[in-house]
Amino acid sequence: PDVAEAAAFALPSRRFLQAPAAAVRLHRPTDLPRLLEFCRQRLGVRAPENIFVVTAMPKNAMGKVLRRELAQAIAAQTS
């Protein structure tokens with residue numbers, strides 16, 4: 001209930017070519033380790049390795065999240 005919007009995408013990884021990640025826009029502050037554990041319980045090995053909090057998601061004119069732009073923006077912030 002704390003998550004207003006979420007998007008999954010791949011980020012470059014040192015161990016693998018790519019690793020699953022997620023970006024979330026929150027309704028209210030939440031405990032990210034608890035949210036990550038929630039994902040792991042439901043998604044297993046497909047769960048994101050990292051969750052990033054964003055204030056807005058890039059979208060096209062139809063309202064679809066632009067995952068490639070989102071991944072590039074987050075990769076630039078974490079590098």
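This is a predicted model: local features need pLDDT of at least 70, side-chain atom pairs count only at pLDDT 80 or more; totals for chains, interfaces and linings use all residues.
Colleague: Start with the strands. How do strand 1 and strand 2 pair?

Modeller: They pair in the antiparallel sense, over 9 bridges. A hairpin of 5 residues joins strand 1 to strand 2.

Colleague: Which residue of strand 2 stands opposite A8?

Modeller: A22 stands opposite A8.

Colleague: And strand 2 with strand 3, parallel or antiparallel?

Modeller: Strand 2 and strand 3 run parallel, with 4 bridges joining them. V24 stands opposite V53 in strand 3. Between these strands the chain passes through helix 1, and this β-α-β crossover is right-handed.

Colleague: Which residues of helix 1 are buried?

Modeller: L35, L36 and C39. They cover an arc of only 100° around the axis, which puts them on the same side of helix 1.

Colleague: What covers the buried residues of helix 1?

Modeller: The cover includes strand 1, strand 2 and strand 3.

Colleague: Which exposed residues sit on the face turned away from the buried side?

Modeller: On helix 1, that face carries P33, R34 and Q41.

Colleague: Why does P33 count as exposed?

Modeller: P33 has 59% relative accessibility, and exposed means over 50%, so P33 qualifies.

Colleague: How far is P33 from I51?

Modeller: Their C-alpha atoms are separated by 8.9 Å. Along the chain, P33 and I51 are 18 residues apart.

Colleague: What happens just after helix 1?

Modeller: G44 comes there, and G44 takes a positive phi of about 60°.

Colleague: Switching to helix 2. How many residues does helix 2 have, and what is its reach?

Modeller: Helix 2 has 12 residues. From first C-alpha to last, helix 2 reaches 16 Å, close to the 16 Å expected at 1.5 Å a residue.

Colleague: Which residues are buried in helix 2?

Modeller: L70, A71 and I74 are buried. Their arc around the axis is only 95°, which puts them on the same side of helix 2.

Colleague: What do the buried residues of helix 2 pack against?

Modeller: They pack against strand 1, strand 2 and strand 3. The face of helix 2 turned away from that buried side carries the exposed residues R68, Q72 and A76.

Colleague: Where is A75?

Modeller: A75 is in helix 2.

Colleague: How far apart are A75 and P12?

Modeller: In space they are 8.0 Å apart, C-alpha to C-alpha. In sequence, A75 and P12 are 63 residues apart.

Colleague: Now the core. How many residues has the largest nonpolar core?

Modeller: It has 12 residues. Among them are F9, L11, A23, F52, M57 and V65. Strand 1, strand 2 and helix 2 are the elements that give two or more residues to this core.

Colleague: Last one. Back to L11 in the largest core. What does L11 touch?

Modeller: Leaving out residues up to four places away in sequence, L11 touches L17, Q18, A19, A21, F52, A71, I74 and A75.

Notes:
Residues are numbered from 1 along each chain as its sequence is written. Side-chain values use heavy atoms; hydrogens and water are left out. A nonpolar core is a set of buried Ala, Val, Leu, Ile, Met, Phe, Trp, Tyr and Cys residues joined through side-chain atoms within 4.5 Å. Buried means under 20% relative accessible area, exposed over 50%, partly exposed in between (1.4 Å probe, protein chains only). Contact means heavy atoms within 4.5 Å. The arc is that of the directions from the helix axis to the C-beta atoms. Two strands pair if DSSP finds at least two bridges between them. A crossover is right-handed if, with the strands pointing away from the viewer, the path from the first strand over the helix to the second runs clockwise. The expected span of a helix is 1.5 Å times one less than its number of residues.
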